Amino acid sequence: MELISEMKQCKTVVDCLEIAAMDANGEDDVAAGWLTCIEEMLGNFEHVKVLGNEVMLEGFDLKGLQVVAKCRNGRKLA
């Protein structure tokens, strides 16, 4: 829980990522830390614009080592 508390104090995503990667043991840990960072920094947004279209932000997930946003445009999950 200490890691999340530290991330909440970050002013930038770069600061958050540095904390997330500090004790990481390999790429999987870095990706998980990056996911946690993104969730903490951007998880409070309900609507975002993607390619000019407003969509609902439902959360974030990992796809391999990449963080992806889960967005909904009407019934379609993207």
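What follows is a chat about the predicted model of one protein chain.

Reader: Hi! What should I know about the model before we start?

Author: It is a predicted model, where local features need pLDDT of at least 70 and side-chain atom pairs count only at pLDDT 80 or more, while totals for chains, interfaces and linings use all residues. Residues are numbered from 1 along each chain as its sequence is written, and side-chain values use heavy atoms, with hydrogens and water left out.

Reader: Thanks. How many helices and strands does the protein chain have?

Author: There are 3 helices and 4 strands, in the order α-α-α-β-β-β-β from the N terminus. Helices (H or I, at least four residues) and strands (E, at least two) are DSSP runs, numbered from the N terminus.

Reader: And what does the C-alpha trace span?

Author: About 40 × 25 × 20 Å along its principal axes.

Reader: What share of the residues is buried?

Author: Of the 78 residues, 21% count as buried. Buried means under 20% relative accessible area, exposed over 50%, and partly exposed in between (1.4 Å probe, protein chains only).

Reader: Which residues make up the largest nonpolar core?

Author: That core has 6 residues: L35, I38, V55, L57, F60 and C71. A nonpolar core here is a set of buried Ala, Val, Leu, Ile, Met, Phe, Trp, Tyr and Cys residues joined through side-chain atoms within 4.5 Å.

Reader: Nice. What is V55 in contact with, leaving aside neighbours within four places in sequence?

Author: V55 touches E46, H47, V48, V50, C71, R72 and N73; contact means heavy atoms within 4.5 Å.

Reader: Changing topic: how many positive and negative side chains are there?

Author: The chain has 8 positive and 14 negative side chains, and the centres of the two sets lie 15 Å apart. Lys and Arg count as positive and Asp and Glu as negative, with His and the chain ends not counted. Each charge is placed at NZ of Lys, CZ of Arg, CG of Asp or CD of Glu.

Reader: Which side chains meet in a salt bridge?

Author: E58 and R72 do, at 2.6 Å, N to O, and the count comes to 1 salt bridge. The rule asks for a side-chain nitrogen of Lys or Arg within 4 Å of a carboxyl oxygen of Asp or Glu.

Reader: Where do E58 and R72 sit in the chain?

Author: E58 is in strand β2 and R72 in strand β3 (residues 66-73), 14 residues apart, so the pair links distant parts of the chain.

Reader: Last one: how accessible is E58?

Author: E58 counts as partly exposed, at 41% relative accessibility. R72 also counts as partly exposed, at 24%.
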